Amino acid sequence: MMNKKLMSLAGIVGGLLLVGAPAFAQDTLTVLCTPQEDWCVAMTAAFEEQTGIDTNYVRLSSGESLARIRAAADNPEFSVWWGGPADAFEAAAEEGLIEIYDSPNTEAIPENYRDEAGYWTGVYVGALGFCSNLDVLAELGVEAPTSWDDLLAPELEGFVAMAHPATSGTAFTAFWTVVTLNADALEAEEAGTGYDEDGAPTQAAVDNAFEYFAALNNNILQYTRSGSAPGSLAGQGEIAVAVIFSHDCTKLQLEGFDGILTTTFPEEGTGYEIGGMAIIANAPEAEAARLWYDWALTAEAQAIGPTVNSLQLPTNPDAPVSELAVDLTSITVVEYNFVAAGASRVAITERFDAEIATAPTE
Amino acid sequence: MQAMRQSQQVKRLQAIFRDPLLAVVLLLMVFFVTITIVLPLVAMVGESLSPEGLPLFERYLSNPVYQTILMNTLVLGTVVGIVGTLVGFLFAFVQVKLRVPFKRAMHIIALIPVISPPFAVATAAIVLFGRSGTISRGIFGVRYDIYGLDGLTLVMSLSFFTIAYLNLRGMMEALDPALDEAATNLGANKWRIFRTVTLPMLLPGIASSFLLLFVEALADLGNPLVMGGNYEVLATRVYVTIIGLYDTTGAAVLSIILLVPSLTVFLVQRYWINRISVVTVTGKPSGTPQTIDHPLVRWGLFGIVIFICGIIVLIYGTIIHGSFVRVPGVRWDFTLEHFDFVLNGIGAQAMRDTTALSALATPIAGLIGMVIAYLVVRKDFLGRNLLDFSTMMGIAVPGTIIGIGYILMFNSPIMIGDFTLIPKLTGGQGAFGGALAIILVYVIRSAPAALRTGTAALSQIDPSIEEASLSLGADNARTFRRITLPLIRPAFLAGLIYAFARSMTTISAIIFLTTPQTKIMTQQILNEVENGRYGNAFAYCVILIIIVMVAISVLYFIVGARTGAERRLEGGL
């Protein structure tokens, strides 16, 4: 009796396994996807429909992505990496984790949105901004911030959030933006103190940026893992200001937080990201990865973002631009040195982790 | 003397090997436990003691930042241990000692947190009591800063107090009322009886509840991730070290630091508390417990417990309600889009995978737990205690540590010469897309509970029944199948239910093991919570709770309906 019941249990379990078993067909592709999850879903579904290739993805923040492909470099789990700020791609290229691919479709992309050496090509562009909760701001009696120094206001103690630069490309972009602004300031005082001969910000500029973030730490409620997460903390009214990409704030406004959240930009200059894409070195599904690469550069593929409220600017000039997308010409954008940013990434995130993020606020 | 004892043990071992099946089963169990529990832990200890790891101990332990994190961890464990035990004690006391209405409802409400997915309670608490919380801000008009020790204490105590409640209720019911009566006859009043008779008798139970909760709080990852704020604890630190920096050596070192208090407490709980325990489990109390009728005590305690029940209902109500509104806490208009997202979007695969993997792990965990319980209680062999202890390590060790152990141990195949003993298990290229590693972790996390319930049940069954079966000519396997298993069926069922619920809701142990091919619901819930889509997260939670409840019904159906006596046994577990 017992036996039969166990057998039937085994049967049910077996049946469930068949349903849940992952497919092991030849035509597969595993994408490492860094933007928001619903965009990953829409992209992989569209690609699968078009090519018939069974496409899986894992959504990881860019820091996590970098760590994960580094850890599995001998035997990569992923074949193509799509999205996330380009400095993570620069760091990956430096370490030999991604490989050069000369896609026939690259030509359509403006030169300033792609890597000279051909390691990565931009698939979208977005600007960093401040995403603030209007009610909370009013209650604290502060205006929506329009400069980086506004974030240091004592009224905002515990009411600011950003992600942790070690895991999030968004947060790293914010950090590097402050580095660049400091380098500009030093350079204005005395030529050669802000930038070195190669045009990379000097150590002094980096140190000043650390000083700024140490001061900002007193106002930070929490460092989140994912770059866009602070935006929803602001939406929930848990904090006043989130340092996130403006398109992530717009997405929240479209998904229930309209009239609650507002986007502002620092007047002295803000950073921007080029969302990169690259083929993983020794990719297990190299063929399919190249197909994805070609496809993701087309205007058609770049039109998918707005359908899931992801309003980054497309890099392909033929792709439609949503009127809700940020207009880069209307805001001040810093000269963002992606190569230098990528080269300093590891050192900066480790130092941030040791000196700032774990330090308890006063 | 020593030699004689040894030769006796050898003889007993020979007795086992006379029955080949028994020997094979024993070897299989030893093999399984060694590979799935012992080796990953050894790998982790080895990594931390490596030339790269050793210097990190000093660096971490002398660094004030890490000292603060360690202190935070211990403070949190202590506070949650005290508060959770207190709440559990109150619930148990009201159940056993007071004549008040709604006892059954209170019991059921106290059990709810067991099947609740991680993040659910913390997220609901933020919606209710956060800085813009519906209650804190909406009703009392304060911006309460729930992030940190206070918030964590609230959500963790509510999540874990059930352990203390079941533990203490079982003990209170087992207290012999004759003692109370004797004390009354000697002229003691109720307060004096409580102070000098009841409390001392319950002390081991209180101590062991505190320690169990302490370990749970140390190991918890989900709650500190969501509402830790700047209150960082070791579990989250280990997590960031792996996920953010992929520094397995650093994580292994931090894990060892986390392991020391967890393991110490586990050992104290297991060997010291059990020894000083004065309540006999097998003795049936004579008569019914005396009730306490003083109105102030009776209704005062009743009021407190009802208040706590109210909070629990409110939190779970928020989860259910929140899954049907646009943005919980902000926009309350009705919508089904969250369920659409989960059921028709990415959630569907996570649901299928998680349910299938849990359903596979459940019978394995139940059987392994029962078989090891049988071997440990009924058979005498060298290393018996070691087998029991090693199996218990599956749950005594915080989940993140198990996960790291698996990454270190199974990231490449284990070869003996050219023969692949164990294929690569972790990562997307691992066996069955990494699913096997997840199943194994589910099994080793749940088997200890089945082992404990099995051991408890077996020690109450007279071995002579089995001996009779053996002398009538049945072999060990037949006896186990036809006699032992039916007798311990309630314990087996409880083990299965626990295994399934635990597997479906676990996060810390598998968070490093999910792969592109296997999507796990708890991981998806974390993604949604992190991106602030609480509605989607709540919809996941509601569906997960429904799956667990359906599975429990199915298990009852398959393993068999309970009789009254069995229900009594199971309730005590």
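# Close-ups of a predicted two-chain model

**Two helices of chain B, H4(B) and H9(B), meet in a right-handed crossing.** Keep in mind that this is a predicted model. H4(B) spans residues 64-97 and H9(B) spans residues 190-219; their axes come within 7 Å and cross at roughly 135 degrees. That angle makes H4(B) oblique to H9(B), because a pair counts as roughly antiparallel over 145 degrees and as roughly perpendicular from 65 to 115. On the H4(B) side, look for Thr73(B), Leu76(B), Gly77(B), Thr78(B), Val80(B), Gly81(B), Ile82(B), Gly84(B), Thr85(B), Gly88(B) and Phe89(B). Facing them from H9(B) are Ile206(B), Ser209(B), Phe210(B), Leu213(B), Phe214(B), Ala217(B) and Leu218(B). Sorted by class, this contact holds 10 nonpolar and 8 polar residues, with no charged ones.

**Here H2(B) and H16(B) cross in the left-handed sense.** H2(B) runs over residues 20-48 and H16(B) over residues 384-396. How close do their axes come, and at what angle do they cross? They come within 9 Å and cross at roughly 50 degrees, so the two helices are oblique to each other. Met29(B), Val30(B), Val33(B), Ile37(B), Val38(B) and Leu41(B) are what H2(B) brings to the contact. H16(B) answers with Leu387(B), Ser390(B), Thr391(B), Met393(B) and Gly394(B). Count up the classes and you get 8 nonpolar residues, 3 polar ones and no charged ones.

The strands, residues 325-327 for S1(B) and 331-334 for S2(B), pair in the antiparallel sense over 2 bridges.

**Over in chain A, S6(A) and S7(A) lie side by side as parallel partners.** S6(A) covers residues 160-163, and its pairing with S7(A) takes 3 bridges. Ala163(A), for example, has Thr224(A) of S7(A) as its bridge partner. Is S7(A) enclosed or exposed? With 5 of its 5 residues buried, S7(A) is largely enclosed by the rest of the structure.

**Leu261(A) belongs to strand S9(A), residues 261-264.** It has 21 other C-beta atoms within 10 Å, so Leu261(A) is buried, since 20 or more is what the label takes. Which residues does Leu261(A) touch, once neighbours within four places in sequence are set aside? They are Cys131(A), Ser132(A), Asn133(A), Ala234(A), Gly235(A), Cys249(A), Leu252(A) and Gln253(A). As for Pro154(A), it is 107 residues from Leu261(A) along the chain, and their C-alpha atoms are separated by 21 Å.

**Chains A and B touch through 53 residues of chain A and 47 of chain B.** Several elements give two or more residues to chain A's side: helices H1(A) (2-20), H2(A) (37-51), H3(A) (62-71), H8(A) (229-235) and H9(A) (246-257), along with strands S2(A) (54-59) and S7(A) (220-224). Which element of chain A gives the most? That's H1(A), with 10 residues. By class, chain A's side splits into 22 nonpolar, 22 polar and 9 charged residues.

How values were computed:
Residues are numbered from 1 along each chain as its sequence is written. Chains are lettered from A and ligands numbered from 1 in the order in which they are written. This is a predicted model: local features need pLDDT of at least 70, side-chain atom pairs count only at pLDDT 80 or more; totals for chains, interfaces and linings use all residues. Two residues are in contact if their C-beta atoms, placed from the backbone, lie within 7 Å. Helices (H or I, at least four residues) and strands (E, at least two) are DSSP runs, numbered from the N terminus. Ala, Val, Leu, Ile, Met, Phe, Trp, Tyr, Cys and Pro count as nonpolar, Asp, Glu, Lys and Arg as charged, and the others, Gly among them, as polar. Axes are lines fitted to C-alpha atoms, for helices over the stretch in contact, and angles run from 0 to 180 degrees between N-to-C directions. Angles under 35 degrees count as roughly parallel, over 145 as roughly antiparallel, 65 to 115 as roughly perpendicular and the rest as oblique. A crossing is left-handed if the near helix is turned anticlockwise from the far one by less than a right angle, and right-handed if clockwise. A residue is buried if 20 or more other C-beta atoms lie within 10 Å of its own, exposed if 12 or fewer, and partly exposed in between; C-beta atoms are placed from the backbone. Two strands pair if DSSP finds at least two bridges between them.
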